[in-house]
Amino acid sequence: MPTLKITRIEAIRQRLRDHGAKPCHEQRVLQAWARVQSVDTRRRRAEDFLPLRVRALLPALTAELGALARLRAEHPGADGSARLLVELADGQTVESVLLPQGGLCVSTQVGCAVGCVFCMTGRTGLRRQLGSAEIVAQVVLARGLRAVERVVFMGMGEPAHNLVNVLAAVELLGTSGAIGHKDLVVSTVGDRRVFERLPLGPVKPALALSLHSTKAQLRARLLPRAPRIAPAELVELGEHYARATGYPIQYQWTLLAGINDTDAELEGIASLLAGKYAMMNFIPYNSNDGLPFTRTSRERAAALAGALQRRGIVTRLRNSAGQDIDGGCGQLRARALPREAA
């Protein structure tokens, strides 16, 4: 299948402008797409305010936008989540996850270059970037299945490596897409470009930082191609953004039995996050075939979370969505890769 010409939001805007659309017309068409609505409003029908050439364009444009992200497979979970294998216009696939209570996790790249050793996505490397429209298209696809009021950029890929497209998607979703700024959460392993660029946009999303260890050497082994920013400096960068935006930083910590669930790490977290505008999210590891890691026991995870809470660190022990549906990001795509190659 050929690659579509439209993969970026700016290309959609330019197509509309080429057909005589003014900014107000662009806004209405993009809003209707992002919210899965008709271009007609309660008070005005499309023919009353959209130029004739724009109305003539809409059927073809709608078909192109619909082809940006198609549902190849859906795997519902017992917890109310659903893992979606999403096919892009060029036949590549990414994963999105419908989360309980109106959340959606979206991908920003096909594959990933960071190579986190406990992540299935990183094993295949980076195939290509997603365009901003392809990122938003995952939200549109999900909204066709259920209400989506919160979007987390925590799926396949490292958002910092595709920052232009991620920020364009964030801006559209936070304006035309009717999602609150604090309900847009960009997750990163920690890249200075994120801290430089996020404060400059009209929509300032919440930030999640993948920490996974307070020990620089261990973190470097777990995240081999992440920027070499010491955990203490990373927390300071996060704290500055948190105070500037008014949203606490969400620190992500995938619990790996015998590796980063030790008493020493507990002390390190308590020291780093003391007095910080932050919360710690402990995430049970999703087992991946062929990877030499196991999940920390629920009892140990609960003990770690409780100990941090008693020290004044807001801590959540998350029920990692989709434990019964190949919850580790990249597993559905890994099974689909042989078909893609064929």
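A salt bridge is counted here when a side-chain nitrogen of Lys or Arg lies within 4 Å of a carboxyl oxygen of Asp or Glu.

**Entry 1: basis**

I note that this is a predicted model, in which local features need pLDDT of at least 70 and side-chain atom pairs count only at pLDDT 80 or more, while totals for chains, interfaces and linings use all residues. Residues are numbered from 1 along each chain as its sequence is written, and side-chain values use heavy atoms, with hydrogens and water left out.

**Entry 2: salt bridges**

I looked up the pair Arg311 and Glu267, which form a salt bridge with the closest N and O atoms 2.7 Å apart. The pair links distant parts of the chain, 44 residues apart: Arg311 is in the loop between α11 (298–310) and β12 (314–317), and Glu267 is in helix α10 (residues 263–273). Helices (H or I, at least four residues) and strands (E, at least two) are DSSP runs, numbered from the N terminus.

For accessibility I used these classes: buried is under 20% relative accessible area, exposed is over 50%, and partly exposed is in between (1.4 Å probe, protein chains only). Arg311 is partly exposed at 43%, and Glu267 is partly exposed at 42%.

I then turned to Arg13 and Glu26, whose side chains meet in a salt bridge at 3.1 Å, N to O. Arg13 lies in helix α1 and Glu26 in helix α2, so this pair ties together parts that are 13 residues apart in sequence. Arg13 is partly exposed, with a relative accessible area of 22%, whereas Glu26 counts as buried at 5%.

A further salt bridge joins Glu95 and Arg83 at 2.7 Å, N to O. Glu95 belongs to strand β3 (residues 93–99) and Arg83 to strand β2 (residues 82–88), 12 residues apart. Both Glu95 and Arg83 are buried. I recorded a count of 14 salt bridges by the rule above.

**Entry 3: nonpolar cores**

I took a nonpolar core to be a set of buried Ala, Val, Leu, Ile, Met, Phe, Trp, Tyr and Cys residues joined through side-chain atoms within 4.5 Å. The largest has 51 residues, and those with the most contacts inside it are Ile12, Trp33, Val151 and Phe153. Helix α5 (residues 132–143) gives the most to this core, with eight residues.

For Ile12 I looked up contacts (heavy atoms within 4.5 Å). Leaving aside neighbours within four places in sequence, Ile12 touches Ile6, Leu30, Trp33, Leu61, Leu65 and Ala133. A second, separate core of 32 residues includes Val235, Tyr251, Leu272 and Ala305.

**Entry 4: helix α4**

I found the buried residues of α4 to be Val54, Leu57, Leu58, Leu61 and Leu65. These pack against α1 (9–18), α2 (23–35) and β1 (69–76).

**Entry 5: cysteines**

I looked for disulfides, meaning pairs of cysteine sulfur atoms within 2.5 Å, and the structure holds zero. Cys116 is in no disulfide, and the nearest cysteine sulfur, that of Cys119, is 5.9 Å away. Cys116 is buried, with a relative accessible area of 15%. Cys105 also counts as buried, at 10%.
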